[in-house]
Every structure is written in C-alpha cells, then in structure tokens.
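Me: Hi, I'm new to this one and would like to go through it piece by piece. Can you put it up, please?
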Amino acid sequence: MQTETVHVPLDGGRAYDILIGRGLLAGIGPRVAALKARAVAVVSDETVAAEYGEAVTASLAQASMRTALITVPPGEGSKSYAGFAQVCDGLIAHRIERGDLVLALGGGVVGDLAGFAAAALRRGVRFVQAPTTLLAQVDSSVGGKTGINSAFGKNLVGAFHQPSLVVADTASLDTLSSREMRAGYAEVAKYGLIDDPDFFAWCEANLAGIFSGGPAREAAVAACCRAKAGVVVRDEREDGERALLNLGHTFAHALERLTAYESARLVHGEAVAIGLCLAFRFSARLGLCPGQDAGRVANHLALAGLPTTLAQVPGGCGDADQLLDAMRQDKKVRDGALTFILARGIGKSFIAPGIDAGAVREFLAAELG
C-alpha cells in the first residue's frame, strides 16, 4: 500500500519524516525501532487505546522494544496540570529513560500532552506522533508545539519539542465520528485561507471526497503536512511567519476558554471554524477584505457542517467584554496589545499587531447581536 513521505529538514540532526498512508499503525514497530530505542511508552486516551493500543504495543514488542501503555480520559480536560502529572509519573514509573521514546497515539490533546511530558521528562526524551484524528494529522502532530491549558487560556504552558517521527495512518480516520471529521476539516481549509487560494478552491471541489475517504483524503492530509512543514522549517519558534498558522485561533481559543473546554459544547475544530469566519468578517469590517470572500469562507464551512457564528455555540459564549478579556491571554499579545491574523482576501492572510481593542469589542458586540 502506497505511503507518502513528507520530510521536515530541520537542522542540528532534528530532521524527521511524516509518513502518510493507510494501515501504518499495525506495522509501526519496525519504523520506531529504526530510531534505536530500548523502550517505548505509548500515551493514549482510553477510547483510542481500546481501538488501537493492543495492535500498536504488539507491533512495538515484536520489534524487540519494551513497551508500556499509559492512558488518560478522552477530551480537552486531560490537557491540564493534572493530566500532565499523571503522564509524567506514568513515564517515570515505567522507567522511561533519556534514550527511550514516548509515542503519542491519539488526537491533538494526546499529542500535545504526551509531547510536553516528553519535553519535560529527564529534561528531554524523544517522542513519536501517531495521530489518529484529521485535525492532528494535518496540524497539531507536526511542528513540535506541545503543551497544556491553564484556567487562564489555551496552550499557555508548554514547550517546543520536535517529534522524531510522525506516522499518520489515514485508515484511523474511518472510525472517527462525523463531528470529529468536520472539526478536523476546519484546519484543512485553514491552509488554503492562509496563503494558498488554489488549495482552498481544490477543497471546495473535493469536499465530498475528503469526507468519504479515498485519494482526496490522503491528498488533503499530505498537502497540509507539506504546507506546515515548510512554515516550521522557515520559522520554527514562531518569531514571524509561523504565527499565520493561528488564523482564526485568537477567536477560537477565547471561545474554548469561555466554554470551559467542554467538548460536549465545543471542540477545537468547531471553535476554529467560527474563528476563521470571524477573522474574515472582522477583516471585511475593517475594509481589508472583500465581503464576498468572507461570505465564501462561511458558506464553505457551513457546507462542511461546521458552525460559523457565535450564536451557534451551545450554551452561549459570554458577552463582548468577556470574549475580549479572554483574548488578552492569547500567546500573540505583545506589551498588552492584541495581535490578530487578518486577511486581505482568501489566501492573503497577514499578521496584524496592535489592533484597537475598542474596534474588536464593537465587532464582537455586533456579531452577538
């Protein structure tokens, strides 16, 4: 079965490959063994572990590596100080040493949490990403951002820690709920909206194929990985261009905080979908972006089954002042001033520092009606 490889050519011996294809998890052992580790601790959530844990640990054991499985409850709640302590203590209890590996098996929550634990354990242990959701395969598993949430905001505690390998088994997407597939698709569309209008048009034409599986799905995953790999190599620690990958996320993270990271109400990809629409509508309100482009973005995401307005957040998301206050904890804030990723059109996003808070509040109040 064909496997596509996307290379991430970081310097200092930190280059790694992203492997994309169907059925890769069952044969993951030899690929991980090539990294020359004596032991591998698999970190997963309970749902994913029940589906893939046995096959993955068996493949690792057959490749002559000592294995352990550490599980956390599914959902954003595990990406916390308590979840971090649980994983770190589990790794220590299983005697994972510096020369060993941590393998993150699951979605974005598991990848961020396990990666941060690997970064901190013994001041740095190598890790492998084995993402099993669309969102993780196209975005969070690549690039080395790891971390946990705080009561004050999303991803405020963490570290840059690049994986040694990413194994994206697209067959795992067959078992995702339609909600999780839709949520992951928000991150797929984002790559076209940032700087690739042709890819966004391709997504519009191939939406059904991406959701049903087959060549369009693999092509979408590979295209997103290539795009992100290029950005990471040029700006690994988000000193400039990499911030563009946060298009829509200033709004999204505020929404997640104000819904208390309750996945029953809002998952990350849904928040990103709303955030992308808000970023384009705010850009249009400021006279930066054609209104028809903002409408095109909202129409496409709605066609994908995603929410596009604040009114669609179950249970509400607070008022304009609460949203603005949540945004003030965004990682892109500099000297107390808000920085947004805005757009001059589809595929024409840019970093906009020093945005007037009053203008943001007026926009949010209008959006809330």
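Me: Is valine 110 buried or exposed here?
Reply: In this predicted model, valine 110 counts as buried, because its relative accessibility is 2% and the cut-off for buried is under 20%.

Me: And where does valine 110 sit, and what is it in contact with?
Reply: Valine 110 is placed in helix α4, which covers residues 108–120. Leaving aside neighbours within four places in sequence, valine 110 is in contact with Val43, Ser44, Asp45, Ala104, Leu105 and Gly115.

Me: Which residues does UniProt list for "binding site"?
Reply: The unreviewed UniProt entry lists Gly108, Val109, Val110, Gly111, Asp112, Thr132, Thr133, Lys145 and Lys154 under that name. Of these residues, Lys154 is included in the lining of the largest cavity.

Me: Ok, threonine 133 then: where is it found, and what does it touch?
Reply: Threonine 133 is found in the loop between β6 (126–131) and α5 (134–140), and it is buried, with a relative accessible area of 13%. Not counting residues up to four places away in sequence, threonine 133 touches Gly106, Gly107, Gly108, Leu173 and Leu176.

Me: What lies 3.1 Å from a polar atom of its side chain?
Reply: That is the backbone nitrogen of alanine 136, which lies 3.1 Å from a polar side-chain atom of threonine 133.

Me: Switching topic, which residues does UniProt list for the domain?
Reply: The unreviewed entry gives residues 70–182 as "domain: 3-dehydroquinate synthase N-terminal". Over residues 70–182 the chain is 34% helix and 30% strand, with the end C-alpha atoms 28 Å apart.

Notes: Residues are numbered from 1 along each chain as its sequence is written. This is a predicted model: local features need pLDDT of at least 70, side-chain atom pairs count only at pLDDT 80 or more; totals for chains, interfaces and linings use all residues. Side-chain values use heavy atoms; hydrogens and water are left out. UniProt positions are given in the numbering used here, feature names are shortened, and annotations may be inferred rather than shown by experiment. On a 1 Å grid over the protein atoms alone, a cavity is a set of points where a 1.4 Å probe fits but cannot get out, and a pocket is an open set with protein on both sides within 12 Å along at least five of seven lines; lining residues have an atom within 4 Å of a point. Helices (H or I, at least four residues) and strands (E, at least two) are DSSP runs, numbered from the N terminus. Buried means under 20% relative accessible area, exposed over 50%, partly exposed in between (1.4 Å probe, protein chains only). Contact means heavy atoms within 4.5 Å. A polar contact is a pair of N or O atoms within 3.5 Å; within protein, one must be able to donate a hydrogen and the other to accept it, and residues adjacent in sequence count only if both atoms are side-chain atoms.
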